[in-house]
Every structure is written in C-alpha cells, then in structure tokens.
Amino acid sequence: MNKLIGLSIILSLVFACSTEKHSSQWQSYSGDPVIEYKVDSVLSLMTLDEKIGQMNQYSGNFASTGAVSDNQSGKYLKKGMIGSTFNVFGADHLRMLQEQNLKYSRLKIPMLFAADVIHGLETTFPIPLAEACSWDLELMEQTARAAAEEATASGVAWNFAPMIDIARDPRWGRVMEGAGEDVFLATQVARARVRGFQGISNYRDLSKPNTMMACAKHFVGYGAAQGGRDYHSVDVSEQSLYDTYFPPFEAAIDEGVTSFMTAFNDLNGVPCTANNYLYKDVLRDAWGFKGMVVTDYTAIMELMHHGFARDLKQGAQLSLDAGIDMDMISEAFVTHLKELVEEGKVSEKQIDVAVSRILEMKFLLGLFDDPYRYFDAERQKQVVMSEANQSLALLAAQQSIVLLKNEGKVLPLSTEIAKKVALIGPFVDERESLNGEWAIKGDRSQSVTLREGLEARYKDSKVQFAYAEGTELPLLDRSTMKAEKDNQDAERGFAEAVKVAKASDIILVAMGENFHWSGEAACRTDITLPGNQRELLKALKQTGKPIILVLFNGRPLDLSWEAEHVDAIVEAWYPGLMAGHAVADVLSGKVNPSAKLVMTFPRNVGQIPIYYNAKNTGRPFDAKAPSDYKSSYIDVDNTPLYPFGHGLSYTSFEYTNIMLNAESFGKGEAVKLKADIVNSGDCDGAEIVQLYIRDRVASLTRPVKELKDFRKVVLRKGETKTIEFTIDEAMLSFRDKNRKQITEPGEFDIWLGASSDDESNRFVISFK
Ligand code: BGC
C-alpha cells in the first residue's frame, strides 16, 4: 500500500515536470542521472516556502543538547515545512510522525529522521574512545553496523556519527566520543565507522532498509578548543589543519560519507558554521564532497554570540553563502531565507542547490519509494538488543580495557587459591554511569555492574568478596554545570572500607567519573579522580595490602599518585551494557587484555597538551644528560605518565628477526620490513605492533614520531608469527608549505615497537 503511494508520487512527479535542469550548480552525490532527474523534477514543482522547509530541522523535544528553544515546529509541520527531525525513535512513533508530515506536505516529501547513535542504540557498546583502544578496525566496523541495524529498525535513517575530531586535551569532555590523538589511527577508525554505519558496499547505494547516512562531525578543529573548554575558540595553523585535523574528514569522504556537520567553534577568526574557506574551498572544491551539510545544534543562532552576525537573518545569509544545507534548530533559514531572496541578498539558485542535496539523500534512502520503509516494528523487535548484538557488546568491551600497570603480577586474580578480596569504591555497584554520557537509548538500568560481573565469574571458585563503598561518586548538577559538593561527611565510609580491607588478602577498588563528568560541555581543569576517591585510596594504602584499581571514566586522568602507590591499574572506560562481565573477564584472566591507549595520560594538567607526535623544538631536553636552557619543566618530567600506544598483557611478547630488505629506496619503490613476534609468556594473547617513522630533516618541521601502520597479532602461548610492513614513498610524505603532498629525499628513523615510547627497535632508511 505504502509502496504504491510512493511509486505513484514519483511517477506523477517525473512526468509532470519539465525536463529543464533547475539546479545547474548542483552536483549530485550519486552521479546517477536518474536520481538527478528525479530531484530536479521534484524541485521544479516546489514553491520557495516548500524548498526552505526542507532545510529546516528540529529535535524531538525530549532530547536537547542546547537551549530547548520555544520553537515553531508545530506551525511548520502544518505547512509541510520540516525537512528532518532528530532524536526521535521507534518504528510506531515515527510512522505516526511521518503520517502527519505527509498529510501536510503538498508534494508528499518524506521527512528524514536522524539521531545521535554514537556507540549503539539500545545495545550500548563501549564509548568510542574505549573502542578505539582495541585498535581493531573490523570490530569497530561491526559495532557501528550493529548500532545502525538497531537504529534503522527503529526508524532512523541518518546518524550524527562518527565524531572524528582529533583530541589532544583530556580536559575537554568530548574526548570520549572520538578515537584519540593520533591522525593515522583516528583516520582508519573514521573509515571503519563510516563503513559500518552506512552499511553500503557501493557507496552510492543507500537503498536497503538497513543502510543509513553517516555524518562526519564536527568540521573542524572542535577538539582543539582553547583550554579544553567546550565550544571555545580554535586558532590553529593551516599546517595543523592539513596534518592533524583534516585527514579523518577527507578519509570519510573517500569512504562515501553522505553528510557533514559543522563545528560550534570559530576557526582562526571565522565560525565554522559560516566558514567559506572550510565548506567551499576545502570541502566542496578541493575534496569534491557532494553530500549534504547540516549545522550543529543552534549553530546559526550562535553566530550572533560569536560576534560574526548582527542578527539571525544575517546568520542565515552567511551560513547559506558558506554552503550549509540544513539548519539544526536555529530556525534561521525557515524564518529569513524567503525575505533574503526577495531582497536579492541570496539567490533561489543557492537554495535549490541545498534542497537538491537534501532531496537526493531522501531519494537514495528510498524514502520517496516508501516513506515508511524504516518503520518495521517486527524487525525492530528482532534486531534491537538481539543476542548477537549483546555478545558483540561483550567482545567490544573486553577488547577495549587497557591494563595500565601490573606490578608483581597481582593480576589476574587467581581462582585456584582461596583469596579474600575486598571490593571497595563507588563503582562497585554503580550502574547508571557504565554506558557513558552518549548512550542515547541504552537502558542504564540494564548494564551489568562490576559486582554482578565478579560474582558471576567467581561463583564456583574459592574467591570470597567483602564489600564497602568507602565513598560516593560526586555528581554534577547539569543545570549549573557545577559539581555537587557534599563533602561534609566526606570520610564517613572510610573506616568501614579500611576494616573490610584489613580483613582481606587483596583490595580491588573501583573508581572513576560519574557519566555526567565527561561528554559534551563536561570539561575539567582538574583531571584527578573526582571528590575524595584519592583520599580513600590513601587510607586503603595504609593497610599495606596489594591494591588493584579499576577505573571507569571518559577521559585520560591524572593518575600520578595512583600510578606510584597502587599495584595494578585497569582502565575500563565506560564499557557499556556488558561492563561488569567484561571487566570480570579481564580481572580473572579469562580474557587477556590487549588494548592500548589512543590518548596520552599526562602526569598533571600542566603538561596538556601532551601527545606523542610533538615537534622536537630547537632545544630538546635529554633526560640522560639534563642541562639548563632546554625545553623542559622544573617541576615535572617531559614524559607522560602513560604514553600513546601503551597497554600491558598477562603474557609477554618478543620482537625478533627484524629485517629490512633494503636500507634505501627511490620513487616507485618500497622497502619491506619483516619481524617475528613471539608470545614468550604463560598464556595466549594479542599484541598490537606499532610502526613509527621520523623524517629527520624536512622543509617543514616534522614530529619526533608518527604512527604509520600497525598489526594486531593474536598469538597462542609459545606461538610465533611473522608480520610484514611495506614502507613506501607515501608513508614518508607530508604536506609542504603549498599543501602539496610530497616526499623529500633524506633519512628516516623507523621504529617497530609495543608503544610510542618503545625505543628498542630503531632502524634508519633513506629515500633517494
Ligand atoms: C552536538 C552534536 C549532536 C547534536 C544533536 C550537539 O550539541 O555537538 O554532536 O549531533 O547536538 O544532538
């Protein structure tokens, strides 16, 4: 029935229209003349109001990430002037919304439903930062696909993900949404997530009911907010843009991403949402992006606060001029574009281009054929929280947990010997926070707590647990954005915790950040464990018992005291639905941890920004031969507490027989690097082998190390595998001052190692 309606709409439109091409400046994403013809046909029938309506987007009222505006959505719905609505879910609910929209839309133009499905819809996977620590691209593609399967079955055809902002400042709350600090890794992750979300093999084909649009966000530089304060200004050089912030976005286009979202920040003086350089010169002209661009939440409105637009009307003009197609929440386009056309300040052609891009996506998604195709309540029942997705959530969580420290091999917690384990800390029973801030539909009451996971894992063993909370997790009042301070009785739980600890053989402490403490707008200047958690650790330390610290948090923390005083540290991040089981699997050794950090852990906030691929400076500090007037701090080492790429295992790995087949090569040639990786320890495991290079002398200063490739090698106990890397010209290349990709002749250091600070295997090659 629905299909028939859709089809007849198309046919009548196609035949009714003139054959003249209306949107001459429009270049389609699909390059498909039939789609172009359909788009032009619909466009030719639309009034100016109807066109502008397509560029107007609202959120479902219950989900806001900014001011809940007293919007006119009801009024515009009745005029058929809403192109898209986001953060609304459910096959039945969206069917009803679509019915309403079609009732009022004269040309029966379907509405496009979008959502922030960042790390799962209902089945919540680990936060993206955690998942990136698995360095397992296939796994990340799979979890993105599973999220998309759930989302599309629940009516959502456009995902506001992946977030692919490079982030080097752990004060910034949104580091939890990305893939960390490194350009190479984050670019691979961006590709995997775009592939997973969109679910298309031929990138022009979005026509299956489980395919969806992905959105590369936030373009650009959002992660470089000054002081790590969300939405703050960004001032970065063009070299940094090209070297660091652009690559994941360019790669997303290469993977066929269908949409981009603007960033809230201003970039070198121009807000991104009205930035011609970004959206015209770079995105459209240089990179040839043909999909659609949506603003971030109220971003046009914010042009006034930026002091860039005098009023909303000018904001509408400036952002349309920059090439923005859809206005999220601001109602700037829907309120002012018509007037701007009448005044001759913007042309209808500009509007046609934007609307063509939007219509094309609706055609590609098959919404004109069947506006109800994403609302399949039966499929929703089968797919959402399916057993397969839950198993994947467990696997992803297990693979994301990083073992930061394991002194004296206190871990894994043996099941053979009778052991009394004191379980202490606010995260032992914490459930709500385990999904992290962005778990859009994940039911927080269903996530498995640490205590539940441990009790299940050790139920038939001789291990006994005793409990004490010790202290509470400080909360956050999101209306004032200040920590709720209730420290009057701060230490009231300490005595009980110490008593329980004293009566045990080992202390397992679970601490971290309440989920509101990281995520959008949740920035911190002190990144130690919130509240008096460190004080509790100090009290527990007095007992002299070994301490294992398990952390649940969304950003690298300052663990300087903890790293010195506890015996083992397990970074579990926010693991999602299967949290407790995954952590128990790692603690017990059922799963050998293999994840490695994708963001540096600083020794203190003063070191920020600190990342492994910094420049050498003209006065590099040599810790082996310290001297005055070098680039260093008086009060702390230059090195981080835990570097990018760091992560331990319960087994050990050796790198042997490392061989390069040549020491120099020229244009069109390549060098092969081979190595044997041996599992020389006591259990099976996986090693992430990392390849770094350094360009010793170049026409622009280059970082001291750059990740260029890696392999995740799974090895049984005693097993050896040979891995091979190809070092070619492209791997040694960089953007010169004219932004051309070049490789300059000279010498290059090559490292093969277990972490960015692993100096044991260094070689030199030259490019002629
Ligand atoms: C965030 C975006 C998100 C949007 C819609 C904004 O506040 O910056 O990443 O997609 O809200 O929820």
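Colleague: Where does Pro609 lie, and what kind of peptide bond joins Ile608 and Pro609?

Modeller: In this predicted model, Pro609 lies in the loop between helix 22 (579-588) and strand 19 (653-660). The bond joining Ile608 and Pro609 is a cis peptide bond, with omega about 0 degrees. A cis peptide bond also joins Leu411 and Pro412, where omega is about -5 degrees. Pro412 belongs to the loop between strand 11 (402-406) and strand 12 (420-424).

Colleague: Why does Lys409 count as exposed?

Modeller: The term exposed requires over 50% relative accessible area. Lys409 has 63% relative accessibility, and therefore counts as exposed. Lys409 is found in the loop between strand 11 and strand 12, and has a positive phi of about 50 degrees although it is not a glycine.

Colleague: Why is Ile329 called buried?

Modeller: Buried means under 20% relative accessible area. Ile329 has a relative accessible area of 3%, so the term buried applies. Ile329, which is not a glycine, has a positive phi of about 75 degrees; its place is in the loop between strand 10 (327-328) and helix 14 (332-342).

Colleague: What makes Asn389 and Gln399 count as buried?

Modeller: The cut-off is under 20%. Asn389 has 9% relative accessibility, so it counts as buried. Gln399 has 17% relative accessibility, so it too counts as buried. Asn389 is found in helix 17 (residues 387-400), and Gln399 is found in helix 17 as well.

Colleague: Which residues does Asn389 touch, not counting those up to four places away in sequence?

Modeller: They are Thr123, Phe125, Ala146, Glu150 and Val383. The C-alpha atoms of Asn389 and Glu149 are separated by 9.7 Å, although the two residues are 240 residues apart along the chain.

Colleague: With which residues is Gln399 in contact, leaving aside its neighbours within four places in sequence?

Modeller: Gln399 is in contact with Cys133, Ser134, Leu139, Ser594, Ala595 and Lys712.

Colleague: How do you know that the radius of gyration agrees with a compact globule?

Modeller: For 768 residues, a compact globule would have a radius of gyration near 27 Å; the protein has 27 Å, and therefore the value agrees. Buried residues make up 61% of the 768 residues.

Definitions and conventions: Residues are numbered from 1 along each chain as its sequence is written. This is a predicted model: local features need pLDDT of at least 70, side-chain atom pairs count only at pLDDT 80 or more; totals for chains, interfaces and linings use all residues. Side-chain values use heavy atoms; hydrogens and water are left out. The radius of gyration is taken over C-alpha atoms; the globule rule is 2.2 Å times the number of residues to the power 0.38. Buried means under 20% relative accessible area, exposed over 50%, partly exposed in between (1.4 Å probe, protein chains only). Helices (H or I, at least four residues) and strands (E, at least two) are DSSP runs, numbered from the N terminus. Contact means heavy atoms within 4.5 Å.
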